[in-house]
Amino acid sequence: QVRLLESGGGSVQPGGSLTLSCAASGSIFSINIMGWYRQAPGKERELVAAITSGSSTNYAGSVKGRFTISANNANHTVYLQMNSLKPEDTAIYYCNVVYRRSIYDTYNAWGQGTQVTVSS
């Protein structure tokens, strides 16, 4: 079983910055994709950013140019640097990992979520 430990959420004023981190541990043969999703009250969970094992990245249009995703493949950790935060970025942010326990299977794991609040 894989465990995801998230950290870095909190409250910040508009225009501020936060960095989220998520460390995966457990029975991991390899990681295919690491990413961040978010869910605001009354809205569906949406992809914020993702990074593949080959370092290809994908961002939601609403965060392009403001957020940067990066990963340390050696210790299975993914980061989300969030700059120029807006009130509409307020949500619970969830780490997501697509990983393999062997060459034959693929699994999907979610973190417990960390709250990000942007307010003056």
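Two strands pair if DSSP finds at least two bridges between them. Helices (H or I, at least four residues) and strands (E, at least two) are DSSP runs, numbered from the N terminus. The structure is a predicted model, in which local features need pLDDT of at least 70, side-chain atom pairs count only at pLDDT 80 or more, and totals for chains, interfaces and linings use all residues. Residues are numbered from 1 along each chain as its sequence is written, and side-chain values use heavy atoms, with hydrogens and water left out.

## Overall picture

The protein has 11 strands and 0 helices. Read from the N terminus, the elements run β-β-β-β-β-β-β-β-β-β-β. Along the principal axes, the C-alpha atoms fill a box of roughly 50 × 25 × 25 Å. The radius of gyration is 14 Å, which agrees with the value near 14 Å for a compact globule of 120 residues. That radius is taken over C-alpha atoms, and the globule rule is 2.2 Å times the number of residues to the power 0.38.

Burial comes next. Buried means under 20% relative accessible area, exposed means over 50%, and partly exposed lies in between (1.4 Å probe, protein chains only). Of the 120 residues in the protein, 39% are buried. Contact means heavy atoms within 4.5 Å. Among the contacts with a separation of 6 or more, 53% come from residues 24 or more positions apart.

Strand 1 and strand 3 run antiparallel and are joined by 6 bridges. Serine 7 stands opposite serine 21 in strand 3. Glycine 26 also belongs to strand 3. Glycine 26 is partly exposed, at 41% relative accessibility. Leaving aside neighbours within four places in sequence, glycine 26 is in contact with Gln1 and Arg3. The C-alpha atoms of glycine 26 and leucine 4 are 9.0 Å apart, although the two residues are separated by 22 residues along the chain.

## The disulfide

A disulfide is a pair of cysteine sulfur atoms within 2.5 Å. By this rule the protein has 1 disulfide. Cysteine 22 and cysteine 95 form it, with their sulfur atoms 2.1 Å apart. The pair links distant parts of the chain, 73 residues apart: cysteine 22 is in strand 3 (residues 18-26) and cysteine 95 is in strand 9 (residues 91-100). The torsion about the S-S bond is about -80°, so the disulfide is left-handed. Cysteine 22 is buried, with a relative accessible area of 0%. Cysteine 95 is buried too, at 0% relative accessibility.

## Arginine 38

Arginine 38 sits in strand 4 (residues 30-39). Is arginine 38 buried or exposed? Arginine 38 counts as buried, because its relative accessibility is 5%.

The side chain of arginine 38 makes the polar contacts in the table below. A polar contact is a pair of N or O atoms within 3.5 Å; within protein, one must be able to donate a hydrogen and the other to accept it, and residues adjacent in sequence count only if both atoms are side-chain atoms.

| Side chain | Partner side chain | Polar contact |
|---|---|---|
| Arginine 38 | Glutamate 46 | 2.7 Å |
| Arginine 38 | Tyrosine 93 | 2.9 Å |

## Two loop residues with positive phi

Histidine 76 lies in the loop between strand 7 and strand 8 (77-82). Its phi is near 55°, a positive value in a residue other than glycine. Histidine 76 is partly exposed, with a relative accessible area of 24%.

Serine 84 is placed in the loop between strand 8 and strand 9. Phi of serine 84 is near 50°, again a positive value in a residue other than glycine. Serine 84 is partly exposed, at a relative accessible area of 40%.
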